[in-house]
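Me: I'd like to go through this protein with you and ask how we know what we say about it. Here is what I'm looking at.

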Amino acid sequence: MSPQASTSSGNYLIVAELRSGSLTKFERAVEAFGTAVRLNQTVWLLRSDATMGSIKNHLMTCTGRNDMLFIVDVGAGRRAWSNVGFAIEAQVRSIWSASP
């Protein structure tokens, strides 16, 4: 793995519902990107110099077709996901683009 570095460190919230992938493999992959803490069964907080795209792309290699992955760049207000479903994706886009 050679994660693409960004210009500064980012704080990422990673949510993964692993139904078919290996939890151990996934957790090692998260920790390989920087300082990580597992907050509960499905949520990790990660501080990393890697870009969100490179984190997502690599973590997807540790997931299966039925596994859900959702990543938020906490500081930049950006997000990325895989296999969350059309309805949830539409709801997230609606909430994210709404004015406060």
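Me: What makes strand 4 count as mostly covered?

Reply: Keep in mind that this is a predicted model. Strand 4 covers residues 68–73, and six of its six residues are buried.

Me: How do you know whether one or both faces of strand 4 are covered?

Reply: In a regular strand the side chains alternate between the two faces of the sheet. Here Met 68, Phe 70 and Val 72 sit on one side, with Leu 69, Ile 71 and Asp 73 on the other, and all of them are buried. That's both faces covered.

Me: Why are strand 4 and strand 5 called paired?

Reply: Pairing takes at least two bridges. Strand 4 and strand 5 (residues 78–82) have five and run antiparallel, so they pass. Phe 70, for instance, stands opposite Trp 81.

Me: Why is Ile 14 called buried?

Reply: Ile 14, in strand 1, has 0% relative accessibility, and the cut-off is under 20%, so Ile 14 counts as buried. Beyond its sequence neighbours, Ile 14 is in contact with residues including Phe 26, Trp 44, Leu 59 and Phe 70.

Me: How do you know whether the protein's radius of gyration agrees with a compact globule?

Reply: With 100 residues, such a globule would be near 13 Å; the protein has 13 Å, so the two agree.

Conventions
Residues are numbered from 1 along each chain as its sequence is written. This is a predicted model: local features need pLDDT of at least 70, side-chain atom pairs count only at pLDDT 80 or more; totals for chains, interfaces and linings use all residues. Side-chain values use heavy atoms; hydrogens and water are left out. Helices (H or I, at least four residues) and strands (E, at least two) are DSSP runs, numbered from the N terminus. Buried means under 20% relative accessible area, exposed over 50%, partly exposed in between (1.4 Å probe, protein chains only). Contact means heavy atoms within 4.5 Å. The radius of gyration is taken over C-alpha atoms; the globule rule is 2.2 Å times the number of residues to the power 0.38. Lists of a residue's contacts leave out its neighbours within four places in sequence.
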